[in-house]
Amino acid sequence: MNVIEKSITLQDGRVITLETGKLAKQADGSVMLKMGNTMLLATVVSAQEAGADVDFMPLSVDYKEKFSAIGRFPGGFTKREGRPSDYEILVSRLIDRALRPLFPDDYHAETFVQVTLYSADEESMPDSLAGLAASAALAVSDVPFNGPISEVRVARINGEFLINPTVSQLKNADLDIMVAATYENIMMVEGEMNEVSEKEMLDAIKFAHVAIKEQCLAQQELAKAVGKAKREYCHETNDEELRKDVWDKCYQKAYDVARQCITDKHLRTSSLLQIAEDYLETLPEELREEKKKLVHRYYHDVEKEAMRRMILDEGVRLDGRNTEQIRPIWCEVGYLPGTHGSSIFTRGETQSLSTVTLGTKLDEKIIDEVTDQSKSKFLLHYNFPPFSTGEAKSSRGIGRREIGHGNLAYRALKRMIPDNYPYTVRIVSDILESNGSSSMATVCAGTLALMDGGIPMKKPVTGIAMGLISDKGGAKYAILSDILGDEDHLGDMDFKVTGTVDGITATQMDIKVDGLSYEILEKALEQARNGRLHIMGKVLETLPAPRPELKPHAPRIEEIIIDKDQIGALIGPGGKIIQDIQEKSGTTITIEEVDNKGIVNVFASNLESISIAMARIKAIVSKPEEGEIYEGVVKSIMPFGAFVEILPGKDGLLHISEIDHKRLEKVEEVLKEGDKVKVKLLEIDKKTGKLRLSRKTLLPKPERNQ
């Protein structure tokens, strides 16, 4: 075995080791990454030839976690790993988005990258290491790749930036982003923040790039030590004469159609496509089918260049807007009367219909992943049906797009849910139309739905998608606010930013070109802030603040905090007491032990039910207080007095001398078991906790004979 290792030391002294030549040697490239107890195996395999007529990069990236990595059994009946979790899908997307732009444009062989977590600990976060592992596997392989890249997490904790913090450290972070980059350029950014400024986010990206450069150098040294040459390939057959002819005969026509600024997406698409179809008609009939794919490939480049030149040279976009203009916006709240909150947000040809549902602790999402066993009280689900883009096909469940877009909107809004809010909150965004940035429409619609539902958000949040068009070398560029789908597809950057009026709450950026300067990023962030505030104005015109009350049909929750030692009394033997309270009041009651206290939530569809349940709970958990008057029940009678239950489970002694002003020979002269009697609590014995009661102090004193 020829095992080769390279090490990278992080700022806190932790060491990352890249090892190749020991495992998975039949893959085109494989690397085992180690940091502490965390071990990730990354492999890459690429077909030797491209499939017939494939003119794109068929890349598949999968991140998988083994439950054995941390000594756990998988859940479910089969007790084996099943479909990817949301977390695994999100990590797969992080790797994919950084790698995909760096494969050669003419490389079309089917390529599979797999990263597997084989060992883990509870403090190390594997998602910040997976991109490095994947890139290292490509670096030591013969697969053509214009890398290496690396990914790191940057968190700001107590005002200081940290690279790849531990799970415990991250809990105190007010900024948490993942950054991917080559040695020269930033490729991808994604994360969440607590209303940070544009400058603070840019500083975090720069800080990440310093660490990434070191990791890229380590990969270059590893690849050099392995010494494997990149493969020769030929995946495209071109006809340069045809390419030139398509360009000469179609460019001006495409420019003229683009210059018409057709606002309807389908009409604009069909008008541009017709140019290619008309060109095909000019070819000899026997060549049309043979040349069709090439014509459309070359025409795509023509259309792309026409759109880009129109923006760069004239400052005019496909739908007629200037570079900073936001499409028309209209919003509506309370559209769906049966929901707990609802909204419509429409910006141009993008539309989200969003709903809010309120639930109890029993509705919390249970997260059961390899390194995360927790619960979530805030959920956001994003749906993208085919009809939203006019596609004639059925919906087949959620895919990676839905998971990724929903996660971005979730991160944008989650910090604005009130702290210790007793409800479990679920937002569902259904995209009914899409032409650019449906995830940002989800953020805006989600804000409106939350406010319509009476959820007291800390601050409203809106979002915007930015784009970039630049010529070769970046000497001339245009930053685009509120991009269309075509501008995303044909442009150089997709940069989504969400935030309140006071700062950024989440971001997602994918850069498709080399050489994007920090100056351009700074300008894009400032332009995004202006656009975001414009959208905020439209949202607040529709609903200026959260409604003061929940919807009449929304469930109610009342919370009471009890001592830890009272939890058992409330639950009762075998749950008998709490079940009886729920049955007779029509409520749902949850109890959670937190910091040696019991957090009791009573949940019902009406206040009357809650009042009944709360009265019984308070009676059970109330503590006797000296001097208070209680109506008790005589539980037993002794020669020296009676034991009276003044609160559930709390008896006190009513001595025979405290029953009446007159002397009694027997308790039974006044009381019998089961009688209700008003008594005053005279004393609580500090040592024993015994209660001393009196009835006679509540009776009028008898008049003395004169």
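What follows is a working chat about salt bridges, backbone geometry, cysteines and surface charge in a predicted model.

Trainee: What should I know before reading values off this one?
Mentor: This is a predicted model, in which local features need pLDDT of at least 70 and side-chain atom pairs count only at pLDDT 80 or more, while totals for chains, interfaces and linings use all residues. Residues are numbered from 1 along each chain as its sequence is written, and side-chain values use heavy atoms, with hydrogens and water left out.

Trainee: How many salt bridges does a search of the whole structure find?
Mentor: The search gives 57 salt bridges. A salt bridge here is a side-chain nitrogen of Lys or Arg within 4 Å of a carboxyl oxygen of Asp or Glu.

Trainee: Which residue does Arg400 pair with?
Mentor: Arg400 forms a salt bridge with Asp62, and their closest N and O atoms are 2.5 Å apart. The pair links distant parts of the chain, with Arg400 in helix H8 (residues 400-414) and Asp62 in strand S5 (residues 59-65), 338 residues apart. Helices (H or I, at least four residues) and strands (E, at least two) are DSSP runs, numbered from the N terminus.

Trainee: Is Arg400 buried, exposed or partly exposed, and what about Asp62?
Mentor: Arg400 is partly exposed at 31% relative accessible area, and Asp62 is partly exposed at 26%. Buried means under 20% relative accessible area, exposed over 50%, and partly exposed in between, with a 1.4 Å probe and protein chains only.

Trainee: Where do Glu240 and Arg243 lie?
Mentor: Both lie in helix H5 (residues 240-259), three residues apart, about one turn of the helix. Arg243 is partly exposed, with a relative accessible area of 28%.

Trainee: And Lys551, what does its side chain meet?
Mentor: Lys551 meets Asp452 in a salt bridge, 3.1 Å from N to O. Lys551 lies in the loop between helix H11 (518-542) and strand S22 (556-563) and Asp452 in helix H9 (residues 438-452), so the pair ties together parts that are 99 residues apart in sequence. Lys551 counts as buried at 18% relative accessibility, and Asp452 counts as buried at 1%.
Mentor: There is also a network, in which salt bridges that share partners join Arg97, Asp127, Arg153, Asp176, Glu190, Glu192, Arg411, Lys414, Arg415 and Asp510.

Trainee: Switching to the backbone. Where is there a cis peptide bond?
Mentor: A cis peptide bond joins Gly147 and Pro148, with omega about 5 degrees. Pro148 sits in the loop between helix H2 (127-139) and strand S7 (150-157).

Trainee: Which residue other than glycine has a positive phi near 60 degrees?
Mentor: That is Ser437. Ser437 is in the loop between strand S17 (424-433) and H9, and Ser437 is buried at 11% relative accessible area. Ala24, also not a glycine, has a positive phi of about 50 degrees. Ala24 is found in the loop between strand S2 (15-20) and strand S3 (29-35) and is partly exposed, with a relative accessible area of 34%.

Trainee: What else lies in the loop between S2 and S3?
Mentor: Lys22 lies there, and Lys22 counts as partly exposed at 39% relative accessibility. Lys22 and Met1 are 21 residues apart in sequence and 6.6 Å apart in space, C-alpha to C-alpha.

Trainee: Now cysteines. How many disulfides turn up in a search of the whole structure?
Mentor: Zero disulfides, where a disulfide is a pair of cysteine sulfur atoms within 2.5 Å. Cys444 is in no disulfide, and the nearest cysteine sulfur, that of Cys331, is 7.6 Å away. Cys444 counts as buried at 0% relative accessibility. Cys261 is buried too, with a relative accessible area of 18%.

Trainee: Where is Gly446?
Mentor: Gly446 is found in helix H9 and counts as buried at 0% relative accessibility. Gly446 and Arg426 are 20 residues apart in sequence and 9.9 Å apart in space, C-alpha to C-alpha.

Trainee: Last topic, the surface. Which residues form a negative patch?
Mentor: Glu665, Glu668, Glu669 and Glu673 form a negative surface patch. Patches are made of residues with over 30% relative accessible area and no salt bridge, with like charges joined within 9 Å.

Trainee: Where does Glu665 lie?
Mentor: Glu665 lies in the loop between strand S27 (650-655) and strand S28 (676-684), and Glu665 is exposed, with a relative accessible area of 61%.

Definitions and conventions
Patch = residues over 30% accessible without salt bridge, like charges linked within 9 Å, V, L, I, M, F, W, Y side chains within 5 Å. Areas by Shrake-Rupley, 256 points an atom, 1.4 Å probe, with all protein chains shown as cover. Lys, Arg positive; Asp, Glu negative; His and termini not counted. Charge placed at Lys NZ, Arg CZ, Asp CG, Glu CD.
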